[in-house]
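Here is a short briefing on a protein structure. Look at the chains first, then at how they meet.

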Amino acid sequence: MNDEQLVAAIKNGSKQALAQLYKDSYMSIRGYILKNSGNSYDAEDIVQDAVIVIWEKIHHNQLELKAKLSTLVFAISRNLWLKRLNKLGKQTGMDGIISENLTVKDDAFATENRQIVMQMMENLGANCKDILTFFYFDALDMNTIAQKLNYNNADTAKAKKYQCFKQLQQLVLNTYHKKDLI
Amino acid sequence: MNNEELNMELFDNYLLGKLNPNEIEAFDLKLNQDSEFKSEFEDYKTIVLGIKDYSRNDLKNFLKEEELPEIKMVAFWKKPLQIAASLILLVGLGFIIKLVVLPINNSTAITNAPESSKAKSENIDTNAVSTEVKFLEIESEKKELAEMEKPLAPPVANVEQMEMPKESNSAYDNFKSEDVKAVAPATTYAERDDVDFNVLSEKKLRDTTITTKLLVFNYNMDAEKDNLSEVRITKAENKKPGKSLPAPANNTNAGNVNMNDKANAKYKIDTAILKKNKEHKTTALKNYKVEFWQSPINFKGYKFIGNTIQLYGLDVKNIKLYDVNNTVYIKVINTVYKLKNCSDACVYQTETDTEILNFISKL
């Protein structure tokens, strides 16, 4: 598959195409990460995250294929890895120690809430998971979602999505209340 | 559609970037003025982010299941050597048969051995023939035997001789069993074994890490405007200058081999960015580990896996590496070779695209 075909397949929701990109990119990035105080597990993790960024960019129409896809994946991986190194304070000893504790507090609350939402997603039915993923993560329009999930039309899909969102919201709220009682 | 649904649609459109500038302005204004609207939006946003996290995680789990390609740097020249080894074994077997089986069968008339072995089996016969011819070679070129070409050369000669058994037979007829004994086969054989083990190890002459910029070369652009950057590698230090260009014959014994293994030349990497173009940014820096190897059979070619480039039979002091449009080029003196990803033996391929060549020559 060439880049255009790969992008088209990913846009179409093919996880296999993304896996292909992942496998194709892994080797070169692994070399880079190994040379920069990482190991092959770091490399796997980073490349996974990088191709997921590509997935999101493609689905949100933010990807312009000016460079080769592999170059893009490499550039993203490199950025992600440098960010992580910075976080770990590995890259520039002194710098890392100072910046380490600054940003954590602000994010902590939001991160915790997002994690609750993630957990609650697990409790939804398969259809609800799909429809919310399709709509928010893959940015598919309601017509496409209706087709994919065999709904009569976009309106049905829209109603279903609303229903699922409310259900998720309720689950999250319940968790909050339980937490507050404790 | 109730108010909540309407709000959610508005939020969706806002987050997915479907509002026009005026609507966005109005939305932002409402966020600032209406605290209830704002908190509703914040709650909504948290849930959407959580959904995205979930989807991302889901996709990541899918990718984790994927099997990654194995990192294999298996010496590709081992295959011909395996064939060579089996041929030597075969030849040795023929020799043993000649020495042990035939004397028993024809203990009274040794000179008749050729005819009787021929009658016995065609296979054994040809093997025996090549064995003897080979041992003649060994006898005459005993000293050069340890040279690197040798492990492969005899099997090649054997194949030729096996294809032409009649020619060999005349040589065979002139060759008496007594002569074979005179060669002292046992010691010669042991010697050959030694030679095999010492020489058949791949030698890494040196390695170096080269950082290149990923260049984007646009065919349509005026060449002068192109974003040019260059990595120049100059040899700064070489611990063992005498070893930098070892001829195969210099590396015959085990001591030399080990020394060469460790003789890694150090390179100073001198980066010179000649011109910068605002439109075309270099996307990233890339490190390549370039290793200079020598194979016992003097294979000329390369392997290119990930960021590691292994160059065989190309030990030149000044090489330049370019990454143009995601293709790696290596410039050796005045020749530009295109390197493809290649996990097995690939021969050097000269680049013929004049535009690429011009581009590189201007760097």
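A residue counts as buried under 20% relative accessible area, as exposed over 50%, and as partly exposed in between. B:R56, at 27% relative accessibility, is therefore partly exposed. The model is predicted. Chain A and chain B bury about 4600 Å² between them, and eight salt bridges cross their interface.

**The two chains**

- Chain A has nine helices and zero strands. Along the sequence the pattern reads α-α-α-α-α-α-α-α-α.
- Of its 182 residues, 43% count as buried.
- The accessible surface of chain A is about 10200 Å², with 50% belonging to carbon and sulfur atoms.
- Take contacts in chain A between residues at least 6 apart in sequence: 60% of them join residues at least 24 apart.
- Chain B contains 12 helices and 11 strands.
- Chain B has 363 residues, and buried residues make up 42% of them.
- Chain B exposes about 19500 Å², and carbon and sulfur atoms supply 52% of that area.
- For contacts in chain B with a separation of 6 or more, 73% come from residues 24 or more positions apart.

**The interface**

- The contact draws 49 residues from chain A and 46 residues from chain B.
- A:R114, A:Y136 and A:Y162 supply 15% of the area that chain A buries against chain B, more than any other three residues.
- Carbon and sulfur atoms give 69% of the area buried between the two chains.
- Nine residue pairs are in polar contact between chain A and chain B, both residues at pLDDT 80 or more.
- Six helices of chain A each supply at least two residues to the side that touches chain B: α2 (15-35), α3 (40-59), α4 (69-88), α6 (104-122), α7 (126-137) and α9 (154-181).
- Helix α2(A) gives the most to this side, with 13 residues.
- By class, this side of chain A has 22 nonpolar, 11 polar and 16 charged residues.

**Salt bridges between the chains**

- Side chains of opposite charge can pair when their charged atoms come close.
- Over all chains, the whole structure holds 14 salt bridges.
- B:D12 and A:K161 meet in a salt bridge at 2.4 Å, N to O. This pair runs from helix α1 (residues 3-15) of chain B to helix α9 of chain A.
- B:D12 is buried because its relative accessible area is 4%, under the 20% limit. A:K161 is also buried, at 3% relative accessibility.
- A:E56 pairs with B:R56 in a salt bridge, and their closest N and O atoms are 2.7 Å apart.

**Salt bridges within chain B**

- B:R56 also forms a salt bridge with B:D53, with the closest N and O atoms 3.1 Å apart.
- Both B:R56 and B:D53 lie in helix α3 (residues 35-64) of chain B, three residues apart, or about one turn of the helix.
- B:D53 counts as buried, at 14% relative accessibility.
- B:E351 forms a salt bridge with B:K338, where the closest N and O atoms are 3.8 Å apart.
- B:E351 sits in the loop between β11 (349-350) and α12 (354-362), and B:K338 in strand β9 (residues 335-339), so the pair ties together parts of chain B that are 13 residues apart in sequence.
- B:E351 is buried, with a relative accessible area of 10%. B:K338 is partly exposed, at 27% relative accessibility.

- Salt bridges that share partners join A:D45, A:D49, A:R84 and B:K60 into one network.

Key: Residues are numbered from 1 along each chain as its sequence is written. Chains are lettered from A and ligands numbered from 1 in the order in which they are written. This is a predicted model: local features need pLDDT of at least 70, side-chain atom pairs count only at pLDDT 80 or more; totals for chains, interfaces and linings use all residues. Side-chain values use heavy atoms; hydrogens and water are left out. Contact means heavy atoms within 4.5 Å. Buried area is the accessible area (1.4 Å probe) that two parts lose on being put together, summed over both. A salt bridge is a side-chain nitrogen of Lys or Arg within 4 Å of a carboxyl oxygen of Asp or Glu. A polar contact is a pair of N or O atoms within 3.5 Å; within protein, one must be able to donate a hydrogen and the other to accept it, and residues adjacent in sequence count only if both atoms are side-chain atoms. Helices (H or I, at least four residues) and strands (E, at least two) are DSSP runs, numbered from the N terminus. Ala, Val, Leu, Ile, Met, Phe, Trp, Tyr, Cys and Pro count as nonpolar, Asp, Glu, Lys and Arg as charged, and the others, Gly among them, as polar. Buried means under 20% relative accessible area, exposed over 50%, partly exposed in between (1.4 Å probe, protein chains only). Accessible areas come from the Shrake-Rupley method with a 1.4 Å probe; for residues, only the protein chains shown count as cover.
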